[in-house]
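I wanted to find my way around a structure that was new to me. These are my notes, in the order I looked things up.

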Amino acid sequence: MSVINILLLFTLLLTVALIAVTVVALRYIQRQRRFLSLLSQTLASQKNQHIALNFPSTPKLFEPLLQVLQQLQQQVPFSIEHDKLTGLANRVGCKRYLKCRLPLQKGLLVLVDIQRFRFVNNLFGFAFGDLLLQDLAKRIETLTPTPDFVARMNGDEFLMFYQDELSDESLQAIKLHLQRIFEIEQTPISVKMQLGVLNLKLHNADMSLMLRRLDLALKKAKQCKKSMAHYQQDDDMVQYRELLIINSLPKALKQEQMYLLYQAKLNLHSGDCQQVEALIRWQHPSLGSLSPVEFIPLAEHSGMIDLVSYWVLDTVLAQQAAWLAQGFEVKVAVNLSTSDLDNPQLAEEINAKLKHYNVPAASLVIEITESVLMEDLERTISRLQALRRIGVKLAIDDFGTGHSSLAYLRFLPVDEVKIDKAFLEDFDSDNRSKQLIKSSIELAKNLGFEVTVEGVESKSVLEQLKSFGVDTIQGDYYAKPLEPEAFQAQFIAFNQQASH
């Protein structure tokens with residue numbers, strides 16, 4: 001073979017080798033590029049979530065880089081504008097988003113809430129509840145029409161912003177779509193949604209005020225037990241009044257704006273008065289006379305009901321101590337709230353107050369609403385037994401309105417039931433009303449309870465109730481609520497009259 005041929009062959013082999021090396025190098029570079037692209041996409045998709053970076057295979061060249069990224073991801077704090085659970089914007093992110101788009105003069109803000117979500121957590125556990133919230137977040141993001149912005153505000157509340165206005169029909173369709181049955185860990189879950197809606201064309205304002213108005217709309221839906229409610233202009237006035245009442249409450253107790261009236265009860269067997277109920281009233285300096293129907297629920301919701309309850313107990317026991325010093329003995333009934341029964345030291349605290357004022361325990365009657373008694377029967381029985389051990393008398397208030405199971409009533413360690421005045425509606429003209437209250441009285445008597453009927457306003461009703469076997473009646477026909485001095489005079493007169 002000639003030298004030329006040898007050189008040609010060598011050149012050919014060298015070219016083939018170079019091509020092979022080039023192909024291998026290009027494939028290597030492409031693999032690195034593909035991995036870098038996949039890494040970039042993964043980091044972008046997980047920027048709002050702390051999820052481990054896992055890949056089917058990692059080129060050796062990038063293993064140190066991946067380890068460093070994993071460490072950095074764990075060290076870098078989660079964005080303060082995003083919700084860790086769902087990856088959506090949180091309240092902070094929502095405020096920033098809305099602030100950047102002010103003034104918002106059209107469209108809708110919609111606040112979505114899961115009804116009774118805490119029962120899902122209580123029944124299935126918090127991990128299960130978290131999965132439900134994640135699924136709901138995904139469902140919201142895929143709605144039609146798609147929201148222009150979505151945020152998880154807190155707990156089970158999600159905000160949606162639509163740049164264009166939607167009809168009520170469209171909003172109802174969205175609600176129905178969101179509450180379709182969820183499949184969580186192979187378990188079907190059915191939940192109901194409630195919507196609060198703010199029309200930005202009608203009620204736009206600064207960001208904080210818009211969010212507060214949106215909260216008011218959802219609150220209205222909850223209070224009215226509706227699936228959806230729109231914010232209306234006067235809703236602000238309702239909230240301002242409620243906030244004023246709540247903020248004024250501690251001062252009202254200190255400045256004696258609150259006071260007690262006492263309403264005598266007639267014992268139908270003896271014809272005299274042996275017991276009275278203490279009724280709280282509030283003379284507000286700017287709002288005027290406030291009913292406990294309005295301010296007691298607000299005190300409960302704001303966590304200040306214990307201030308009211310202790311004030312009532314102290315005021316009643318101080319008044320009884322003063323009456324006892326004058327030789328004037330009467331049992332006084334006071335109402336306790338739901339949160340009072342949550343206190344495991346309730347009996348000890350009441351017993352300490354009784355000893356402090358030197359008032360016999362039998363002179364105090366504790367009235368508890370029937371619906372409260374049934375919320376946690378085991379806890380209720382334990383609390384009531386503790387109260388009975390210190391000698392306090394117990395009564396079920398608003399009997400017949402709590403929808404309790406009759407099978408449980410026989411286990412309650414109480415002395416008296418008070419049948420609600422609602423049973424007396426149309427009492428004179430409707431025979432069914434008479435039969436209903438007669439049956440309720442017979443039931444309570446057969447269970448061993450003394451029976452009091454509230455709201456008696458006429459002699460004919462009193463006589464009929466007496467024939468039904470009622471022990472005690474309370475109402476304006478016999479005695480109206482009075483201040484302590486007036487009640488004392490009335491009490492003496494009633495009992496002197498009964499003795500003749």
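I began with a pair of strands: S6 (residues 193-199) and S7 run parallel and are joined by three bridges. (Helices, H or I with at least four residues, and strands, E with at least two, are DSSP runs numbered from the N terminus; two strands pair if DSSP finds at least two bridges between them.) Val-197 has His-230 in S7 as its bridge partner.

Before going on, I noted that this is a predicted model, where local features need pLDDT of at least 70 and side-chain atom pairs count only at pLDDT 80 or more, while totals for chains, interfaces and linings use all residues. Residues are numbered from 1 along each chain as its sequence is written, and side-chain values use heavy atoms, with hydrogens and water left out.

Next I looked up the sheet that holds this pair. It is an open sheet of five strands in the order S2-S3-S1-S6-S7, with mixed pairing. Its edge strands are S2 (149-154) and S7 (228-230), each pairing on one side only. From one strand to the next, the twist averages 20°. Helix H8 (residues 207-223) packs on the sheet and touches S1 (108-114), S2, S3 (157-162), S6 and S7; contact means heavy atoms within 4.5 Å. The direction of H8 makes about 140° with that of S6 (axes are lines fitted to C-alpha atoms, for helices over the stretch in contact, and angles run from 0 to 180 degrees between N-to-C directions).

Then I turned to strand S8 (residues 258-267). Is S8 mostly covered or mostly open? Mostly covered: nine of its ten residues are buried, meaning under 20% relative accessible area with a 1.4 Å probe, protein chains only. S8 runs antiparallel to S9 (residues 273-284), with nine bridges between them; Leu-266 has Cys-273 in S9 as its bridge partner. Five residues lie between the strands of this hairpin, and Gly-271 takes a positive phi near 80° there. S8 also runs antiparallel to S16 (residues 472-474), joined by three bridges, and here Asn-267 is partnered with Thr-472.

A cavity is a set of points, on a 1 Å grid over the protein atoms alone, where a 1.4 Å probe fits but cannot get out, and lining residues have an atom within 4 Å of a point. I found that the count comes to one cavity of 30 Å³ or more. Gln-320, Trp-323, Leu-324, Phe-328, Glu-329, Val-330 and Ser-363 line the largest cavity.

Conventions:
Buried means under 20% relative accessible area, exposed over 50%, partly exposed in between (1.4 Å probe, protein chains only). On a 1 Å grid over the protein atoms alone, a cavity is a set of points where a 1.4 Å probe fits but cannot get out, and a pocket is an open set with protein on both sides within 12 Å along at least five of seven lines; lining residues have an atom within 4 Å of a point. Grid points are joined across faces, edges and corners, and a volume is the space filled by probe spheres set on the points.
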